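Take a first look at the fold below.

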Amino acid sequence: MPPLRDERKQEKMNGVVYDKSPAPNYRHGIINGNIYAIIKNSLKDSLCLVFMENLDFKYHPDENDDYVCPDIMIVCDRRQLKGRNYSGVPKFIVETLSPSTAKRDRTEKKDSYEKAGVEEYWIVSPQVLVEIYYLKDGKYVLEYNYILVNDKEDEEYNADTIIRLKEFPHIEMTLEEIFEGVE
């Protein structure tokens, strides 16, 4: 029997185990909660499920036993759910940056999600930034890049900008909703 690992505290990429401690700050949790709630409400009566920080994604199950635990993930092939793992291809993944994971989220994880065929990948920063990547011809292309400006007097004001998920155009949220409660 394999040794038990601490829930949601580790990831294994390219054979290397990474400790996810210490936990990210509260802004990280607020952002993930905001995005998760919007998606969950929008997926009612759907076969697809949304997970927040509680399901490991085995992104190359035929090649190795590597896994990551995305902050937000939409899965639709329920046959690929086994215990605490998903080994299919998620339709959508969000990683919210924290100081200890930012580099991996932008490099190794992004490359792994790209290679696995994840169609839409968001990188969200508690510093009110959203980067949206779409898979095109097997490579991620940065399609949208937003920095929240919520001062209505500012000519760059964009808090009410609506963002729709590519695979799920009925799921929409504004920049203001993503960062609601983040100070």
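**Rings that gather**

Phe-57, Tyr-59, Tyr-113, Tyr-121, Tyr-133 and Tyr-140 come together in one aromatic cluster. Rings of Phe, Tyr and Trp (its six-membered ring) pair if their centres lie within 6.5 Å; planes under 30 degrees apart count as stacked, over 60 as edge-to-face and the rest as tilted. This is a predicted model, in which local features need pLDDT of at least 70 and side-chain atom pairs count only at pLDDT 80 or more, while totals for chains, interfaces and linings use all residues. Residues are numbered from 1 along each chain as its sequence is written, and side-chain values use heavy atoms, with hydrogens and water left out.

How many aromatic pairs does the structure hold? There are nine. One of them joins Tyr-144 and Tyr-146. This pair is stacked, with 6.0 Å centre to centre and 5° between the planes. Is Tyr-146 buried or exposed? Tyr-146 is buried, at 15% relative accessibility. Tyr-144 is partly exposed, at 38%. Here buried means under 20% relative accessible area, exposed over 50%, and partly exposed in between (1.4 Å probe, protein chains only).

A ring can also meet a charge. Lys-166 lies over the face of Tyr-134, 4.6 Å from the ring centre. The rule asks for NZ of Lys or CZ of Arg within 6 Å of the ring centre and within 35 degrees of the ring normal.

Now turn to the inside. A nonpolar core is a set of buried Ala, Val, Leu, Ile, Met, Phe, Trp, Tyr and Cys residues joined through side-chain atoms within 4.5 Å. The largest one has 28 residues. Which of them touch the most other members? They are Ile-39, Trp-122 and Ile-178. Six elements each supply at least two residues of this core: H1, E5, strand E8 (92-96), strand E9 (120-125), strand E10 (129-136) and helix H4 (175-178). The largest share, four residues, comes from H1. Helices (H or I, at least four residues) and strands (E, at least two) are DSSP runs, numbered from the N terminus.

Look at Trp-122 again. Leaving aside neighbours within four places in sequence, its contacts include Phe-92, Val-94, Ile-132, Leu-165, Met-173 and Ile-178. Contact means heavy atoms within 4.5 Å.

Gly-117 follows H3, and its phi is positive, near 95°.

Strand E13 (residues 172-174) contains Thr-174. Thr-174 is buried, with a relative accessible area of 15%. Not counting residues up to four places away in sequence, Thr-174 touches Ala-159, Asp-160, Thr-161 and Ile-162.

Finish with the cysteines. A disulfide is a covalent bond between the sulfur atoms of two cysteines. In the model, the pair counts if the sulfur atoms are within 2.5 Å. The structure holds one disulfide. It joins Cys-48 to Cys-76, with 1.9 Å from S to S. The pair links distant parts of the chain, 28 residues apart: Cys-48 sits in the loop between helix H1 (26-42) and strand E3 (49-52), and Cys-76 in the loop between strand E5 (72-75) and strand E6 (81-82). The link is right-handed, with 105° about the S-S bond. Cys-48 is buried at 12%, while Cys-76 is partly exposed at 21%.

Cys-69 is buried, at 2% relative accessibility.
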